[in-house]
Number of protein chains: 2
Amino acid sequence: MIPSKQDILNAYNCVKPFVHRTPVLSSSAINELAGTSILFKCENFQKMGAFKMRGAVNAIQNLSEIQKEKGVVTHSSGNFGQAVALASNELGIKAYVVMPENAPSVKKEAVLGYGAEVIFCESTLKAREATSKKIVQEKGATFLHPSNNLDVILGNATATLELLEEYPTLDVVLTPVGGGGLIAGTALSAYYFGKNCKTIGGEPSNVNDAFRSLKSGVIETNETSNTIADGLRTNLGDINFPIIQKLLKEIICVEELEIVEAMKLIWERMKIMVEPSSAVPLAAVLQQKEKLKGQKIGIILSGGNVDVKNLPF
Amino acid sequence: MIPSKQDILNAYNCVKPFVHRTPVLSSSAINELAGTSILFKCENFQKMGAFKMRGAVNAIQNLSEIQKEKGVVTHSSGNFGQAVALASNELGIKAYVVMPENAPSVKKEAVLGYGAEVIFCESTLKAREATSKKIVQEKGATFLHPSNNLDVILGNATATLELLEEYPTLDVVLTPVGGGGLIAGTALSAYYFGKNCKTIGGEPSNVNDAFRSLKSGVIETNETSNTIADGLRTNLGDINFPIIQKLLKEIICVEELEIVEAMKLIWERMKIMVEPSSAVPLAAVLQQKEKLKGQKIGIILSGGNVDVKNLPF
């Protein structure tokens with residue numbers, strides 16, 4: 001049983017007052033290179049700089065009043081920590097964000113700046129999970145998973161809902177694949193609101209657990225987290241995987257150099273900042289341009305939180 | 001005698017089919033910092049990456065048929081060279097761009113990529129002018145000055161025309177001041193299409209010839225070109241200076257560090273790429289925020305052509 005069209009519309013009602021309706025941009029130079037027409041949904045311009053705001057708002061809005069009183073907890077050194085911090089702030093609830101001690105100070109400051117309480121722990125998944133669990137037990141806070149949570153997935157779906165409202169005849173929507181929360185939401189919206197609109201994922205070859213999971217039919221893991229696309233190092237989960245299995249057409253794997261090249265293209269040609277993860281779908285389109293020729297393509301630019309002092313080019 | 005409202009409307013008719021209507025963006029984080037509301041007209045998203053496309057198209061469109069047959073020439077290592085190259089290409093005329101031998105290869109390639117003929121010369125203003133003159137004499141091409149040309153000024157004015165069409169109640173429009181072509185066009189549009197809309201210039205203190213010229217009443221020159229805002233190292237001219245004298249309210253001078261800080265703010269908060277020159281007006285607003293408090297401000301983000309391998313932060 002996958003979520004219904006109405007579930008996404010309900011999520012949109014929850015999310016809409018708290019997020020930007022992000023613009024859709026295109027680049028004739030990139031279209032020429034790709035031999036097709038690409039519309040970029042600019043979630044890098046979203047509040048806190050990434051689509052994650054949508055999922056965080058929806059998940060928090062759908063808590064019970066008692067849960068809201070006790071607050072929420074997540075562990076993340078990336079965009080979801082910031083999203084939970086900002087969404088909680090705007091919705092007036094308490095947020096605990098568990099972060100590794102060695103997280104970049106710019107990320108610590110962002111989460112603190114949005115008013116969350118930051119709890120530091122060792123830089124292992126085990127330590128993060130244990131610390132989060134302790135806060136759940138001690139404070140009664142509700143744990144929010146960044147990608148394997150149905151309300152997060154439904155919130156994420158609203159980016160593609162907006163894109164298809166404006167461009168209803170897209171043939172394909174592409175997103176990066178990390179923990180599976182964005183691609184699952186996207187696939188739902190493409191299925192319900194598109195006209196025969198396919199969803200395709202882009203995934204770094206180095207961490208292509210989703211690509212392998214789709215083939216094997218069980219959730220596979222990554223042996224390394226060695227990719228520049230720092231938002232895509234995570235694994236699929238048991239809530240998003242069934243949706244992905246049912247609705248996703250294909251995952252295209254891309255190499256690190258292809259990601260950097262696509263990121264540079266977006267920066268230089270579109271004059272907008274995207275993080276490496278956001279460049280993965282364009283890298284996929286450029287790799288498979290013969291196959292995608294002439295299709296009307298939508299790409300979700302997932303986020304723009306990148307350290308300008310540490311660029312890959 | 002300054003140009004008329006109708007002159008700008010005529011320019012807009014010439015320019016419109018060949019330029020993007022660029023989006024207007026805002027940032028709540030920057031508004032909060034500035035204590036006011038700022039609308040950014042994103043000419044960094046313009047074709048070839050800068051407002052200069054508008055002036056180049058208008059100047060070329062207003063040539064006689066005989067002039068068009070012989071082509072145009074300009075000397076520029078910056079955005080105007082690219083603008084003349086691209087505009088000429090789109091309008092089907094020949095363009096010669098004189099560039100210093102030591103111009104960055106990325107700029108040479110851009111001009112060549114737009115189909116212009118590049119003529120290299122020594123890296124002095126004298127050599128550039130002599131080389132341009134030679135082409136005028138030998139080829140019969142028409143020389144286009146980047147800023148001291150009435151049709152260029154009128155073309156540039158169309159950015160603010162578009163901004164005021166969408167936001168007619170702006171109190172102030174700010175632009176960077178370099179050769180004076182953008183600020184003169186902006187002041188004209190603010191005067192004719194605004195409702196008591198003032199124009200204010202932002203200029204690097206290191207090259208503040210316009211600031212000093214406004215005070216003294218004669219065109220002053222710079223003793224140095226030492227500013228990070230590489231688009232603003234040029235001097236006013238006898239065509240734009242009278243317009244500036246008549247219509248400009250004020251020029252605010254900003255320091256190099258203020259420019260870098262404002263540029264970083266735009267990059268990090270708005271997730272868009274602007275060149276250092278474009279950050280000068282925001283630097284001016286932040287410096288004078290007490291005075292500008294509560295005003296509805298428009299800023300022309302003049303361009304986004306920056307070498308991502310060589311950032312000031």
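This is a predicted model: local features need pLDDT of at least 70, side-chain atom pairs count only at pLDDT 80 or more; totals for chains, interfaces and linings use all residues.
## Strand β10 in chain B

V172(B) sits opposite I297(B) of strand β10(B). Strand β7 of chain B covers residues 172–176. It runs parallel to β10(B), and three bridges join the two. I297(B) also has I38(B) standing opposite. Strand β2(B) pairs with β10(B) too, in the parallel sense, over six bridges.

How many of the six residues of β10(B) are buried? Five of them are, and the strand is mostly covered. Strand β10 of chain B spans residues 296–301.

## The sheet in chain A

Now turn to chain A. Six strands form an open sheet there, and the pairing is mixed. The order is β1-β2-β10-β7-β8-β9. Which strands stand at the edges? They are β1 (24–25) and β9 (250–254) of chain A. Each has a single partner strand, so one side of each is left without a neighbour in the sheet.

Strand β10 of chain A lies between β2 and β7 in that order. Six bridges tie β2 (residues 37–42) to β10 (residues 296–301), and these two strands run parallel. Along this pairing, I38(A) has I297(A) as its bridge partner, and C42(A) stands opposite L301(A). On the β7 side, three bridges link β7 (residues 172–176) to β10(A), again in parallel. There, L174(A) stands opposite I299(A). Five of the six residues of β10(A) are buried, so the strand is largely enclosed by the rest of the structure. In a regular strand, side chains alternate between the two faces of the sheet.

## A covered helix in chain B

Helix α3 of chain B runs through residues 52–61. Nine of its ten residues are buried, so the helix is largely enclosed by the rest of the structure. The buried residues are K52(B), M53(B), R54(B), G55(B), A56(B), V57(B), N58(B), A59(B) and I60(B).

What covers them? The cover includes helices α1 (5–15), α4 (65–70), α5 (79–91) and α8 of chain B. Strands β2 (37–42) and β3 (72–75) of chain B also take part.

## Helix α8 in both chains

Helix α8 of chain A spans residues 150–166, and E162(A) lies in it. Is E162(A) buried or exposed? It is buried, with a relative accessible area of 1%. Buried means under 20%. Beyond its neighbours within four places in sequence, E162(A) is in contact with Y12(A), H20(A), R21(A), T22(A), K41(A) and R54(A).

In chain B, helix α8 also covers residues 150–166, and L164(B) has its place there. L164(B) counts as buried, at 3% relative accessibility. Leaving out neighbours within four places, L164(B) touches L170(B), S189(B), A190(B), F193(B), G194(B) and C197(B). V97(B) is 67 residues away from L164(B) along the chain, and their C-alpha atoms are separated by 33 Å.

N240(A) is found in helix α11 (residues 240–247) of chain A. N240(A) has 0% relative accessibility, so it counts as buried. Its side chain reaches two backbone atoms. One is the oxygen of S147(A), at 3.2 Å. The other is the nitrogen of G237(A), at 3.1 Å. Apart from neighbours within four places in sequence, the contacts of N240(A) are S147(A), N148(A), I153(A), G179(A), G180(A), G181(A) and A184(A).

G115(A) sits in the loop between α6 and β5 (117–121) of chain A. G115(A) is exposed, with a relative accessible area of 57%. V152(A) lies 37 residues from G115(A) along the chain, and 21 Å separates their C-alpha atoms.

## The second largest pocket

About how much space lies in the second largest pocket? About 1,700 Å³. Its lining has 48 residues. Those nearest its centre are Y114(A), N305(A), E268(B), R269(B) and K271(B).

Which elements each supply at least two residues of the lining? From chain A come α5 (79–91) and α6 (105–113). From chain B come β1 (24–25), α2 (28–34) and α12 (256–270). By type, the lining residues divide into 20 nonpolar, 13 polar and 15 charged.

Conventions: Residues are numbered from 1 along each chain as its sequence is written. Chains are lettered from A and ligands numbered from 1 in the order in which they are written. Side-chain values use heavy atoms; hydrogens and water are left out. Two strands pair if DSSP finds at least two bridges between them. Helices (H or I, at least four residues) and strands (E, at least two) are DSSP runs, numbered from the N terminus. On a 1 Å grid over the protein atoms alone, a cavity is a set of points where a 1.4 Å probe fits but cannot get out, and a pocket is an open set with protein on both sides within 12 Å along at least five of seven lines; lining residues have an atom within 4 Å of a point. Grid points are joined across faces, edges and corners, and a volume is the space filled by probe spheres set on the points. Ala, Val, Leu, Ile, Met, Phe, Trp, Tyr, Cys and Pro count as nonpolar, Asp, Glu, Lys and Arg as charged, and the others, Gly among them, as polar. Buried means under 20% relative accessible area, exposed over 50%, partly exposed in between (1.4 Å probe, protein chains only). A polar contact is a pair of N or O atoms within 3.5 Å; within protein, one must be able to donate a hydrogen and the other to accept it, and residues adjacent in sequence count only if both atoms are side-chain atoms. Contact means heavy atoms within 4.5 Å.
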